[in-house]
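Trainee: I'm new to this one, so please give me a close look at a single part. How many salt bridges does the structure hold, and which residues form them?

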Amino acid sequence: FAFQQSKIYSEAWKEAQAFEKESGSSPLKGIYIDNWLITYAGYDDIDTINVAEGTVGIACGTFQGIAANCFNVHISSTVKYLDPNSFSYISVEKITVNESNPYYTAVDGILYDKAVEKVITYPRGNKNTVYKMPETVKTIETRAFDRNEYVEKIIFSKNAKDVFAPGLCTEMRKIKEFEVTEGNEIFDSLYGVLYSADLKTLVSY
């Protein structure tokens, strides 16, 4: 599957380069294959990327071809499959989701599943220094905070229980402190360090 996806991406990228050569401008519209957004490449600052209605999936690496700033991504109502690493390559400040999408939602520019039980993507360019999880959150997707440049403190919800520790703070430059809401039965914090609830296991420093 990985080889097939790589082959599709390669072909899509060649198509993007051909477009640029013929038109003299960067292809700021996404390239879609079988209703999957495969690549979105460009060199000019882009205020908002709008994922088209009818799109069913956003592939890993879709936005890595963007060489400039992008500030917002709007996900359409039809997107069902989304690789959590789709946004790792671009300094998005805010993600929004069409209210009719039955699979995803966004709160304060942060991407969650529809029930707001899983943090999927905390945008790399979100400038808030403190992130407090909604109390409904139970799971943090692997690399959800990947490469965020601003967050210094993460406050875990009382219900948070499923965290992949090695990928929690990947390449976060300013993270300093964790805090766990009282009543959480899985995690606790001490001096800003994240532990298991019995303080016997170091989860993240």
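This is a predicted model: local features need pLDDT of at least 70, side-chain atom pairs count only at pLDDT 80 or more; totals for chains, interfaces and linings use all residues.

Mentor: Let's go through the salt bridges pair by pair.

Residues are numbered from 1 along each chain as its sequence is written, and side-chain values use heavy atoms, with hydrogens and water left out.

The structure holds eight salt bridges, meaning a side-chain nitrogen of Lys or Arg within 4 Å of a carboxyl oxygen of Asp or Glu. Take R124 and E149, one of these pairs: their closest N and O atoms sit 3.2 Å apart. R124 is in the loop between β10 (118–121) and β11 (130–132), while E149 is in the loop between β12 (139–140) and β13 (153–156), so the partners are 25 residues apart and link distant parts of the chain. (Strands are DSSP runs of E, at least two residues, numbered from the N terminus.) Both residues are buried, that is, under 20% relative accessible area, with exposed being over 50% and partly exposed in between (1.4 Å probe, protein chains only).

Now K153 and E177, whose closest N and O atoms are 3.8 Å apart. K153 lies in strand β13 and E177 in strand β15 (residues 177–180), so this pair ties together parts 24 residues apart in sequence. K153 is buried at 18%, whereas E177 is partly exposed at 32%.

D146 and R147 pair up too, with 3.8 Å between their closest N and O atoms. D146 is buried at 4%, but R147 is partly exposed at 24%. Through shared partners, salt bridges join R143, D146 and R147 into one network.

How values were computed. Helices (H or I, at least four residues) and strands (E, at least two) are DSSP runs, numbered from the N terminus.
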